[in-house]
Amino acid sequence: MSWLPLAHALSARQDLPVPAWLFAWGASIVLIVSFFALAAGWRRPRFEQARWRPLAAGLSRAAVSLPVQALCGLAGVFLLGVAVYAALRGTEAPDRNFALTFLFVTVWLGFPFFSAIFGDLFRPFNPWRAVGRATGAAFAAVAGQRPRHLAYPERLGRYPAAAGLVAFVWLEVVYGTSGGVAVGLDPQSAGIAALIYSGYTLAMMALFGVEKWCERGETFSVYFGMFSQLGFLAVRDGRLGVRRPLAAAGSWATVPGSLAVVVASISTTSFDGASEGAFKGGIEWVFDRFADVGFGLDTAARLSDTVFMALCLLGVAGVYLLGVRGMHTVHGAPAFAKLRDGFAHTLIPIALAYLVAHYFSLFVFQEQAQFTYLLSDPLGTGSTDLFGTAGSGIDFTVLSANAIWYVQVGALVAGHVLGLTLAHDRALSYWPDFRDATRSQYWMLAVMVAFTCFGLYLLSVSNA
Amino acid sequence: MLPLAHLGHWLWVFYVLPVLFVIGGIVWSSVGQRRRD
């Protein structure tokens with residue numbers, strides 16, 4: 001989110017009572033204590049069943065009936081249309097154009113935050129799903145039968161969604177770089193990308209079916225759906241119900257490519273945070289090498305950023321796989337592939353923690369803009385004031401630097417404790433002896449401590 | 001005079017120490033378990 005430097009660098013610096021690295025030590029101690037608490041008090045798996053229970057029929061009808069779904073879908077299509085129009089016809093200034101804040105803050109950060117609590121909120125608002133379903137219904141009405149689709153190659157799993165996730169962040173964080181000065185993605189490029197993605201998504205839906213593509217390959221459905229597995233609300237067979245929080249995550253990650261999605265989430269968030277902080281020196285060094293070889297400044301900047309984004313992907317995947325390798329050495333361990341896929345869901349709370357830690361302040365600040373001057377003047381031309389708020393601004397004093405740091409630490413600790421809990425619970429279902437299960441989780445503890453310290457290190461350097 | 005001006009370059013070490021501590025504990029526990037077995 002490099003076009004909003006003030007979101008991370010506030011006018012007031014941090015005034016912490018102890019050095020930032022001591023918070024990392026404190027967080028690590030919390031994780032270690034949590035580990036021993038789980039070992040002592042959690043002796044049987046509790047998250048293998050989601051225990052979904054339907055809510056009152058009236059409430060379910062009000063929330064998930066066809067008219068409500070149609071209305072939500074219509075709203076999604078309308079907002080996407082407004083965003084694309086604003087991107088293509090509005091101001092080039094990223095902070096004054098409705099499209100960039102809407103797509104990269106409100107949608108990209110809002111849905112994970114709220115889906116993690118309330119369940120899959122994106123599904124009814126998914127504009128491509130709405131268009132696909134409407135088209136399918138129209139086809140059925142005319143042809144007298146549902147459209148036929150190709151069988152989705154199940155080995156492909158969620159890999160297309162993972163690739164789309166990396167491409168989305170690459171577009172915003174890497175492609176947006178210009179001449180070594182991070183000005184971010186321009187609105188017109190965002191609009192064109194949205195149109196290309198829409199065409200690609202609708203084509204894939206036509207090939208494989210709307211619901212199948214949303215479950216496997218549609219980037220936003222899969223990405224937001226991943227976080228929704230933590231939430232307590234879920235729809236089953238057209239009925240709204242409640243389930244045990246976190247419990248659905250374990251069955252979500254059984255599809256091939258799910259690990260790639262969650263690793264992509266953690267690593268792209270890490271890269272975005274590190275590119276202006278911890279990795280800055282390294283990126284500049286690689287940039288100089290590419291520039292020396294003869295690449296143009298823009299190309300050299302994009303190549304060097306791409307190299308480090310790839311290193312982040314490999315690094316996060318590598319740490320997790322090392323943990324899996326460690327678990328595999330414990331007596332009674334299942335096959336490596338089963339462990340690798342069976343513990344992938346434990347990274348979902350970590351992905352959410354990273355998202356909250358890195359972006360919640362940006363979300364708090366930019367949503368003020370979203371619902372004031374961007375809503376009243378979506379094109380940013382200064383000629384409209386639809387709701388009388390075009391002259392409003394962002395109040396950066398709502399969050400102090402210290403408050404941001406404490407929320408960041410709290411989010412990382414909470415996310416990793418939840419990850420540790422999910423891992424411990426899964427281990428109890430894989431190892432018959434709870435002592436072997438606990439021993440296997442030494443390695444996941446190391447993974448969690450590593451991700452916690454890495455996340456806090458990135459944030460401390462960014463905030464400095 | 002302490003070279004405190006360059007201390008910032010080495011702050012990452014403080015973030016790695018907890019990880020090394022946990023890994024050390026794992027190794028120690030594994031060695032002990034092998035001896036018992």
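Reader: In chain A, what share of the contacts with a separation of 6 or more comes from residues 24 or more positions apart?
Author: Such residues account for 80% of those contacts in chain A. Please bear in mind that this is a predicted model.

Reader: How is chain A made up in terms of helices and strands?
Author: Chain A contains 19 helices and five strands. Its radius of gyration is 23 Å, close to the 23 Å that the globule rule gives for 464 residues, so chain A is as compact as a globular protein of that length.

Reader: What does the C-alpha trace span along the principal axes?
Author: For chain A the spans are about 70 × 60 × 45 Å. Of its 464 residues, 48% are buried.

Reader: Turning to confidence, what is the average pLDDT of chain A?
Author: The average is 91, and 95% of the residues score at least 70.

Reader: Which elements of chain A have the lowest and the highest mean pLDDT?
Author: Strand β3 of chain A, residues 181-182, has the lowest, at 33, whereas helix α10 of chain A, residues 219-228, has the highest, at 98. Over residues 178-183 of chain A the pLDDT is below 50, and that stretch has 10 contacts in the model beyond near neighbours in sequence. Residues 1-11 of chain A also have a pLDDT below 50, with 26 contacts beyond near neighbours in sequence. Where pLDDT is low, the predicted coordinates should not be read in detail.

Reader: Now the sheet, please. In what order do the three strands come?
Author: The order is β1-β5-β4 in chain A; the sheet is open and its pairing is antiparallel. The edge strands are β1 (53-54) and β4 (233-236) of chain A, each of which pairs on one side only.

Reader: How many bridges join β1(A) to β5 of chain A?
Author: Two bridges join β1(A) to strand β5, residues 239-242 of chain A, and the two strands run antiparallel. A:P54 has A:G241 in β5(A) as its bridge partner.

Reader: And over how many bridges do β4(A) and β5(A) pair?
Author: They pair over four bridges, again in the antiparallel sense.

Reader: Which helix lies across β1, β4 and β5 of chain A?
Author: Helix α2 of chain A, residues 57-64, lies across these strands, running at about 115 degrees to β5(A).

Reader: Why does A:T135 count as partly exposed?
Author: A:T135 has 15 C-beta neighbours inside 10 Å. Because a residue is buried at 20 or more and exposed at 12 or fewer, that count falls in between.

Reader: Finally, how many residues of chain B are in contact with chain A?
Author: There are 11 residues of chain B in contact with 13 residues of chain A. On the side of chain B that touches chain A, 10 residues are nonpolar, one is polar and none is charged.

How values were computed: Residues are numbered from 1 along each chain as its sequence is written. Chains are lettered from A and ligands numbered from 1 in the order in which they are written. This is a predicted model: local features need pLDDT of at least 70, side-chain atom pairs count only at pLDDT 80 or more; totals for chains, interfaces and linings use all residues. Two residues are in contact if their C-beta atoms, placed from the backbone, lie within 7 Å. Ala, Val, Leu, Ile, Met, Phe, Trp, Tyr, Cys and Pro count as nonpolar, Asp, Glu, Lys and Arg as charged, and the others, Gly among them, as polar. The radius of gyration is taken over C-alpha atoms; the globule rule is 2.2 Å times the number of residues to the power 0.38. pLDDT is the predictor's confidence in each residue, from 0 to 100. Two strands pair if DSSP finds at least two bridges between them. Axes are lines fitted to C-alpha atoms, for helices over the stretch in contact, and angles run from 0 to 180 degrees between N-to-C directions.
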